[in-house]
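Hi,

Here is the structure I promised to pass on.

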Amino acid sequence: MKDLQMMYTDIVKLGDNLRKAKVIGMTTTGAARMQSVLQQVGPEIVVVEEAAEVLEAHIITALSKHCKHLILIGDHKQLKPNPTVYDLAKQYHLDLSLFERMVNNGLPVKTLNIQHRMRPEVSKYMRHIYDRLDDHPSVIGRSHVEGITKDVYFFNHSCPESSDSMTMSHSNEFEADMVVGLTRYFLRQKSYEPSDVTIITMYTGQLLLLKKKMPKAEFEGVKITSVDNFQGEENKILIISLVRSNTNDNLGFVKIENRVCVCLSRAQYGMYVFGNFDMLSRGSGTLSHIIKLVH
């Protein structure tokens, strides 16, 4: 009983202190953990960043009866929420955010149409997904990527993928070797630091293979990451490994338009994509349209 009294006293003190603040910032996990404090403080305005990637239940925990204005900022065409239990997404659509549900139901939404990240040669591939996308003047006329004739290149191949029963993931040795070679080449150009190059891939198996082939002694500073962990980030040069290449036309994660959107919208100056595009374009309408733009 004494412990409960002390806990209640701490909550009251924290609530009193937070009431003095004009702005309170916290993660959605923190909002759920501190819900009793938020109910006591009763913020009238709640702003949720990356709202299209947040579980609806997490947003509800941040609200109280005092809330008068809920502002959701996000992009439902990029990554969705990721429930820990896959069946909850598959059977009950818990991977649908409150943001996307509101958009789907026709609620008024304000869309930002001017992009400040990608050079036009990169952003043109996004117009299949964002039909009203315009380029800000600051991205026009950027210097070309040094040491290579094209700022954007899609490398097509038919070398087969490998599957790992332990990790339940996929990798592609040919793509990994090509990615390593291209990264090494860019690092030999005088204009680029290792931090200017990012490698992203759809699969953990490919991520592990790339890290194995890229020792820190040579590639220290080059970021190697998954698509899911790179949302909201950007870099000068993006090297992308799509991995999937098989006789069954099984695309897996690559078929999901949201992931394709994140993949192809991170590069500022140069984007280089490796994949079996003959196969990928058969299984994905989005990739099929994008590949047609390449030719």
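**Around Leu264**

Leu264 touches Met118, Val122, Met126, Ile240, Met271, Val273 and Ile290, leaving aside residues up to four places away in sequence; contact here means heavy atoms within 4.5 Å. Before going on, the ground rules: this is a predicted model, where local features need pLDDT of at least 70 and side-chain atom pairs count only at pLDDT 80 or more, while totals for chains, interfaces and linings use all residues. Residues are numbered from 1 along each chain as its sequence is written, and side-chain values use heavy atoms, with hydrogens and water left out.

**The cores**

Which residues have the most contacts inside the largest nonpolar core? They are Phe154, Leu264 and Met271, in a core of 35 residues. A nonpolar core is a set of buried Ala, Val, Leu, Ile, Met, Phe, Trp, Tyr and Cys residues joined through side-chain atoms within 4.5 Å; buried means under 20% relative accessible area with a 1.4 Å probe, protein chains only. Two or more residues each come from strand 5 (152-156), strand 10 (235-241), helix 11 (257-263), strand 11 (267-275), helix 12 and helix 13. Helix 11 gives the largest share, four residues. Helices (H or I, at least four residues) and strands (E, at least two) are DSSP runs, numbered from the N terminus. There is also a second, separate core of 20 residues, which includes Val180, Leu207, Leu209 and Ile239.

Ser284 sits in the loop between helix 12 (277-283) and helix 13 (285-294). Ser284 is buried too, at a relative accessible area of 3%. A polar atom of its side chain lies 3.1 Å from the backbone nitrogen of Leu287.

The largest pocket holds about 1,300 Å³ of space. Of its 37 lining residues, Gly74, Asp75, Thr111, Leu112 and Tyr130 are the closest to the centre. Strand 2 (69-73) supplies the largest share of the lining, four residues, and helix 6 (98-104) and strand 3 (114-115) each supply at least two. For the cut-offs: on a 1 Å grid over the protein atoms alone, a pocket is an open set of points where a 1.4 Å probe fits, with protein on both sides within 12 Å along at least five of seven lines, and lining residues have an atom within 4 Å of a point.

Cheers

Notes: Buried means under 20% relative accessible area, exposed over 50%, partly exposed in between (1.4 Å probe, protein chains only). A polar contact is a pair of N or O atoms within 3.5 Å; within protein, one must be able to donate a hydrogen and the other to accept it, and residues adjacent in sequence count only if both atoms are side-chain atoms. Grid points are joined across faces, edges and corners, and a volume is the space filled by probe spheres set on the points.
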